[in-house]
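Welcome! Please have a look at the structure, and then read on.

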Amino acid sequence: MTLTSSIRTRRTAAETHRRPPTPSRRIRPTSLAARTAWIVVLGCFLLFFVLPVVWLLLAPTKSDGQILRDAPFSFGSLTGLADTWRHLYGFQDGAVLDWLGNSALYTFGALAITLVIGIPAGYALALTRFVGRRLLLTITLLVMLMPSAALVLPLYLEMNAVHLDGTVWSVILPFSFFPFGVYLTYIYFSSNIPADLLAAARIDGCSEWQVFRLVAMPLAKPVIALVGSFNFVGNWNNFFLPFVMLPDSSQYPAQVGLNTLLTSSSAFNTSAGLGNQIMRPELALAALVTVLPVLLVFLFSQRALVSGMLAGATKE
């Protein structure tokens with residue numbers, strides 16, 4: 001044996017001795033059972049949430065009799081969908097479109113006020129020092145933890161005292177009261193905006209308003225989008241406050257209008273007229289039309305929502 005081959009043999013033996021044997025990859029029974037249980041639970045949740053949505057999408061394509069007779073997940077026809085929309089639109093001379101317009105008015109009006117007031121309020125609580133700052137932050141946290149339904153009666157009494165009950169302002173003003181958005185903005189500005197950057201802007205001669213408008217606001221786009229999305233979804237889906245504040249059905253938003261449709265349907269209310277055309281297909285289509293704006297907001301603002309939710313997660 002040559003000297004070179006002897007050296008190679010010793011090196012190979014040393015490397016074999018140093019390298020531990022590769023363990024065989026076996027799936028433990030406990031791990032397999034855990035995965036199986038996880039798949040079963042996930043499948044149950046999927047069926048629980050997906051199947052009702054599929055039924056809701058297919059119901060407007062059928063007549064009420066077909067819904068009761070045919071298979072639950074069968075498709076009716078496009079003609080049936082057109083008939084369902086005609087019956088829904090014919091309810092109180094197109095009231096469903098008025099309800100959607102009212103929802104847009106209340107929601108976007110409150111959203112504008114929320115952004116104009118809530119974003120500066122969160123900035124002031126986070127980056128300025130003034131008398132009563134800690135008290136305001138504590139009150140914001142306490143109000144944020146209170147159930148919104150518990151505030152409806154005090155708000156109604158307040159609106160009645162200033163003679164605004166029954167008007168659009170009785171809905172828009174309470175909708176714009178959004179302490180959770182103030183707190184989100186406070187967290188973002190206190191953890192994501194470098195204090196040195198704001199100090200440099202002040203040294204350069206910017207006033208506090210210019211610092212907020214020219215420096216802080218452009219950096220706060222993710223949290224502005226997050227606050228706006230939360231406020232929009234919460235206001236659009238709010239039922240109890242408009243139901244209490246508004247006496248006239250022509251002023252109802254879409255969520256309260258759905259309740260009117262439900263009580264007007266003989267399928268769910270035995271005291272309703274038998275000749276009423278609002279049945280299960282019309283109710284399903286009304287629910288889809290009502291939830292469509294919320295779905296569109298989520299589809300077109302996913303990136304802003306994710307960046308806004310991650311804002312403040314790390315502090316550099």
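## A first look

With a relative accessibility of 65%, Leu78 counts as exposed, where exposed means over 50% relative accessible area, buried under 20%, and partly exposed in between (1.4 Å probe, protein chains only). This is a predicted model, in which local features need pLDDT of at least 70 and side-chain atom pairs count only at pLDDT 80 or more, while totals for chains, interfaces and linings use all residues. Residues are numbered from 1 along each chain as its sequence is written, and side-chain values use heavy atoms, with hydrogens and water left out.

**The protein as a whole**

- The secondary structure comes to 16 helices and 0 strands; helices (H or I, at least four residues) and strands (E, at least two) are DSSP runs, numbered from the N terminus.
- Of the 316 residues in the protein, 33% are buried.
- The accessible surface comes to about 19700 Å², and 67% of that belongs to carbon and sulfur atoms; the areas come from the Shrake-Rupley method with a 1.4 Å probe, and for residues only the protein chains shown count as cover.
- Take the contacts (heavy atoms within 4.5 Å) between residues at least 6 apart in sequence: 70% of them join residues at least 24 apart.

**Back to Leu78**

- Leu78 is found in helix α4, which covers residues 78-89.
- Leu78 and Thr61 are 17 residues apart along the chain, and their C-alpha atoms are separated by 6.2 Å.

**Helices α5 and α12**

- Helix α5 (residues 95-127) packs with helix α12 (residues 221-236) at an angle of about 145°, and their axes are 9 Å apart. Axes here are lines fitted to C-alpha atoms, for helices over the stretch in contact, and angles run from 0 to 180 degrees between N-to-C directions.
- Ala, Val, Leu, Ile, Met, Phe, Trp, Tyr, Cys and Pro count as nonpolar, Asp, Glu, Lys and Arg as charged, and the others, Gly among them, as polar.

- Asn235, found in helix α12, counts as buried at 9% relative accessibility. Leaving out residues up to four places away in sequence, Asn235 touches Thr107, Ala110 and Phe175.
- Ile113 lies in helix α5 and is partly exposed, with a relative accessible area of 23%. Not counting residues up to four places away in sequence, Ile113 touches Gly118, Trp169, Ile172, Leu173 and Ser176.
- Ile113 and Phe175 are 62 residues apart in sequence and 9.1 Å apart in space, C-alpha to C-alpha.
- Thr290 has its place in helix α15 (residues 280-300) and is buried, with a relative accessible area of 5%. Beyond residues up to four places away in sequence, Thr290 touches Leu100, Trp236, Ala254, Gln255 and Leu258.

**Helix α8**

- Helix α8 (residues 169-176) is mostly covered, with 6 of its 8 residues buried.
- Those buried in α8 are Ser170, Val171, Ile172, Pro174, Phe175 and Ser176.
- The buried residues of α8 pack against α5, α7 (152-161), α12 and α13 (240-245).

**Helices α10 and α11**

- Helix α10 (residues 195-203) and helix α11 (residues 208-219) pack with their axes 10 Å apart, at an angle of about 140°.
- That makes α10 oblique to α11, since angles under 35 degrees count as roughly parallel, over 145 as roughly antiparallel, 65 to 115 as roughly perpendicular and the rest as oblique.
- The crossing of α10 and α11 is right-handed.
- Leu197, Leu198, Ala201 and Arg202 of α10 make the contact with Glu208, Val211, Val215 and Leu219 of α11. By class, that gives 6 nonpolar, no polar and 2 charged residues.

**Helix α16**

- Gln302 is found in helix α16 (residues 302-310) and counts as partly exposed at 47% relative accessibility.
- Gln302 and Ser229 are 73 residues apart along the chain, and their C-alpha atoms are separated by 10.0 Å.

Methods:
A crossing is left-handed if the near helix is turned anticlockwise from the far one by less than a right angle, and right-handed if clockwise.
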